Amino acid sequence: KCIMKDLYNNEIVAWSMSAHPDSELCVRTLEMLAERRDIRGAIIHSDMGCTYTSKAYRTRLLELGAIQSMSRKGQCWDNACAETYFAVYKTECFCMDRRDFISHRLSREEVFLRTDAWIKRYNKERAQEKLGWLSPVVYRCFYPNGRLLALPAPEKKECA
C-alpha cells in the first residue's frame, strides 16, 4: 500500500494498493494525487526506499513540478507521520478480524474495499487531537490555509 498524506490536516489525499510494493505503485499513487491537486512546488516527502529513489518515480515528480524530500539514512523519525498512520490503519481496519487477516481469509478485493471504507471514515469522521478533535476534512473546511473560515453553528437545544 502507498499513501500520500497532507501534513496540513493529516488527510489521505491519494492511495493505492498492489501485491508488489514497487515503483509502479508509487508512481500510480503520485498520478492520483496529481489528478486531484496541483502539486507544482509541493514538497513530497518519503523515506529512502528503493521505490521512492527509482528513476521512474523521481522523473515523474520532476515532470509534475514537485520537490522530492527524503530522510537521511537512519533518520526514521522524519517519516513518523506515515508510520503512525499505518499503525492506526492496521489496528482500526483489521483488529476485529485479525485472525482472518493473518490467516489470509480476506481476499485482495475485501482488503481493498475495507481499506477504501476506512480511509473515507478516517478523512471525514475520525476526530484527531492535533486538529482540535475535528476530522481532517472538517478541519480543512473550517481552516483553509490555516485560518478560521467560520465558526460552526451552535446546536439548537429544545426547552423542556
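Biologist: What makes cysteine 93 count as buried in this predicted model?

Modeller: Cysteine 93 has a relative accessibility of 9%, and since buried means under 20% relative accessible area, cysteine 93 is therefore called buried.

Biologist: Why is cysteine 141 called partly exposed?

Modeller: The relative accessible area of cysteine 141 is 44%, and because partly exposed covers the values between the 20% limit for buried and the 50% limit for exposed, cysteine 141 is described as partly exposed.

Biologist: How many disulfides does the rule give?

Modeller: The count comes to zero disulfides, the rule being that a pair of cysteine sulfur atoms must lie within 2.5 Å.

Biologist: Why is glutamate 125 called exposed, and where is it found?

Modeller: Glutamate 125 has a relative accessible area of 59%, and because exposed means over 50%, glutamate 125 is classed as exposed. Glutamate 125 is found in the loop between helix H5 (108–124) and helix H6 (136–142). Leaving aside neighbours within four places in sequence, glutamate 125 is in contact with Lys120 and Ser135, while glutamate 125 and valine 138, which are 13 residues apart in sequence, have a C-alpha to C-alpha separation of 8.2 Å in space.

Biologist: What makes helix H1 roughly parallel to helix H2?

Modeller: Helix H1 (residues 23–36) and helix H2 (residues 55–64) pack at an angle of about 15°, and their axes are 9 Å apart. Because angles under 35 degrees count as roughly parallel, H1 is therefore roughly parallel to H2. The contact involves Ser23, Cys26, Val27, Leu30, Glu31 and Ala34 of H1, together with Ala56, Tyr57, Arg60, Leu61 and Leu64 of H2, and these residues divide into eight nonpolar, one polar and two charged. The crossing in which H1 passes H2 is right-handed.

Biologist: Why is helix H3 called roughly perpendicular to H5?

Modeller: Helix H3 (residues 80–94) packs with H5 at an angle of about 115°, with the axes 10 Å apart. Because angles of 65 to 115 degrees count as roughly perpendicular, H3 is described as roughly perpendicular to H5. H3 passes H5 in a right-handed crossing.

Biologist: Which residues of H3 and H5 meet?

Modeller: On the H3 side they are Tyr85, Val88, Tyr89, Glu92, Cys93 and Phe94, and on the H5 side Val111, Arg114, Thr115, Trp118, Ile119, Arg121 and Tyr122. The residues of this contact of H3 with H5 divide into nine nonpolar, one polar and three charged.

Note on methods. Residues are numbered from 1 along each chain as its sequence is written. This is a predicted model: local features need pLDDT of at least 70, side-chain atom pairs count only at pLDDT 80 or more; totals for chains, interfaces and linings use all residues. Side-chain values use heavy atoms; hydrogens and water are left out. Axes are lines fitted to C-alpha atoms, for helices over the stretch in contact, and angles run from 0 to 180 degrees between N-to-C directions. Helices (H or I, at least four residues) and strands (E, at least two) are DSSP runs, numbered from the N terminus. Angles under 35 degrees count as roughly parallel, over 145 as roughly antiparallel, 65 to 115 as roughly perpendicular and the rest as oblique. A crossing is left-handed if the near helix is turned anticlockwise from the far one by less than a right angle, and right-handed if clockwise. Contact means heavy atoms within 4.5 Å. Ala, Val, Leu, Ile, Met, Phe, Trp, Tyr, Cys and Pro count as nonpolar, Asp, Glu, Lys and Arg as charged, and the others, Gly among them, as polar. Buried means under 20% relative accessible area, exposed over 50%, partly exposed in between (1.4 Å probe, protein chains only).
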